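Here is a brisk report on one protein model. Look over the sequence and fold first.

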Amino acid sequence: MKRQILIVVLLIWVMAVMACAGKMKGIDRYSGKRVYFSYEDEKFGSGEIQMTMPDGEHFVGGIVDEAAVNSSKEYPSVYEFPGNTEAFLQGDRGGKMRCKFRLSDTMLGFKGGGFGLCETDYGRVIDIYTR
């Protein structure tokens, strides 16, 4: 009986710490084209985000600690967005992107649903829906 309980507890623990992956949909305000983000969401506030802009630039980055981030006025749309999670992405053509998400449950991460806003350093804004 003790062994069965131990196995169940271990399975629950493994499922709790496993990363989940998924996709988010976005719309580029400039072109009106759809943008798809993929994420690998890990527990405890870490994760990786990837996306490709309609012009082909591929961005990769991750969630950053809000206390360590200075959402400067370089990204005015993101600066004013009332999010609870931030990410910073680097483009393969030298571009940069700042994102802010309003997640429904920060413990569940992107899997729990929410919405967000991303802005490139050259002013393109993308509205994002995690579900």
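## Basis

The model is predicted: local features need pLDDT of at least 70, side-chain atom pairs count only at pLDDT 80 or more, and totals for chains, interfaces and linings use all residues. Residues are numbered from 1 along each chain as its sequence is written, and side-chain values use heavy atoms, with hydrogens and water left out.

## Nonpolar cores

A nonpolar core is a set of buried Ala, Val, Leu, Ile, Met, Phe, Trp, Tyr and Cys residues joined through side-chain atoms within 4.5 Å. Buried means under 20% relative accessible area, exposed over 50%, and partly exposed in between (1.4 Å probe, protein chains only). The largest core has 19 residues. Phe-37, Ile-49, Met-51, Met-97, Phe-101 and Ile-126 make the most contacts inside it. Strand 6 gives the largest share, 4 residues. Helices (H or I, at least four residues) and strands (E, at least two) are DSSP runs, numbered from the N terminus.

Ile-126 has contacts (heavy atoms within 4.5 Å) that include Val-35, Phe-37, Met-51, Met-97 and Leu-117, leaving aside residues up to four places away in sequence. Another core, of 5 residues, lies apart from the largest one. Among its members are Tyr-75, Val-78, Phe-81 and Leu-117.

## Strand 5 and its partners

Strands pair if DSSP finds at least two bridges between them. Strand 4 and strand 5 run antiparallel, joined by 6 bridges. Here Ile-63 stands opposite Ala-87. Strand 5 also pairs with strand 6, antiparallel, over 6 bridges. The hairpin of strands 5 and 6 has 4 residues between the strands, and Gly-94 takes a positive phi near 95°.

Thr-85 belongs to strand 5 and stands opposite Phe-101 in strand 6. Thr-85 is buried, at 9% relative accessible area.

## The aromatic pair

Rings of Phe, Tyr and Trp (its six-membered ring) pair if their centres lie within 6.5 Å; planes under 30 degrees apart count as stacked, over 60 as edge-to-face and the rest as tilted. The Phe-81 and Phe-115 ring centres are 5.8 Å apart with planes at 85°, so this pair is edge-to-face. Phe-81 lies in the loop between helix 2 (76–80) and strand 5, and Phe-115 in strand 7 (residues 114–120), so the pair ties together parts 34 residues apart in sequence.

Phe-81 is buried at 15% relative accessible area. Phe-115 is partly exposed at 40%.
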